[in-house]
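Subject: Structure for your review

Dear colleague,

Please find below the structure that I am handing over to you. I would be grateful if you could read it alongside the notes that come after it.

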Amino acid sequence: MKFSLLFLIAVFQATALQNGCAGQSSILNYQKPQPQSIEQSQDKELLKNVAQFAGEGYESSAAWQDLMTHDRQKLINDLTRISSSLPAEDRNRVLIAFTLCKMRHDYSHNRQVVLSALSKHSPYKELYGDWVVTMIGRLVIDGDKDLLEPLFKASEWSDGAMATDLASKYSEALATDPNTFLNLLSLQSPSARDHVMYLLRDNSLTPEQNEKIKRYLKAVAPSSKLAPIAAQMLKALSP
């Protein structure tokens, strides 16, 4: 009887020890979620600032200043690396390209990436037409006047918020350099010119800017090839 009792106690202890070891093994094998690497965290912060600076139709000076606190070459390398890792249709590729344009890095290539988004059927997901117009318009104001031509062509298929932003960007470019605006517009098809004029009826010009541009248009010589376009624009700018 005593031997049987001792045997039962030994079996109980062995079972308890085995269960305890199994529980400890499970604890040891359990892996806590790994925290994000420093690089992943920094990439997210960079993309956040790029989106605030390049997207949503406005230019965040705070986001730009934050981006400019980074070493220039490292920032270029990081943005290029991030862009290369993204799916082809990711809108952040365009926002990064615009940011690199503003940094004047590989301007020709990045300019083309931004232009590729100006399409009736954009290849990028959730990249709205008005965002693209705003980005291109900002490059125009920076001095890339040739970008007015694709903005003129876009008038033929734009609508809604995009059309409103086109009218705004036309107004800015016209107020900044009416001569270049008129000359580039003269190279467009009659249909594109008509659409631009239509959008200019809802321009964002101040009364002073409007009067200054009208004086310029009235001064265009009747013999000039620009005279018919100047007359058409005068009509568009007059209430």
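Predicted model: local features only at pLDDT ≥ 70, side-chain atom pairs only at ≥ 80, totals over all residues.

Residues are numbered from 1 along each chain as its sequence is written, and side-chain values use heavy atoms, with hydrogens and water left out.

Ala62 belongs to helix α3 (residues 61–67); helices are DSSP runs of H or I with at least four residues, numbered from the N terminus. Its relative accessibility is 53%, so Ala62 counts as exposed (over 50% relative accessible area is exposed, under 20% buried and in between partly exposed, with a 1.4 Å probe and protein chains only). Gln52, ten residues away in sequence, lies 8.8 Å from Ala62, C-alpha to C-alpha.

Lys169, in helix α9 (residues 160–176), is buried, at 10% relative accessible area. Beyond its neighbours within four places in sequence, Lys169 is in contact with Val133, Thr134 and Gly137, contact meaning heavy atoms within 4.5 Å.

Helix α9 also meets helix α11 (residues 190–200): their axes come within 9 Å and cross at roughly 90° (axes are lines fitted to C-alpha atoms over the stretch in contact, with angles from 0 to 180 degrees between N-to-C directions). The two helices are therefore roughly perpendicular, a term for angles of 65 to 115 degrees. On the α9 side, the contact involves Ala163, Leu166, Ala167, Tyr170, Ser171 and Leu174, and on the α11 side Val196, Leu199 and Leu200.

Yours sincerely

Definitions and conventions. Parallel < 35°, antiparallel > 145°, perpendicular 65-115°, else oblique.
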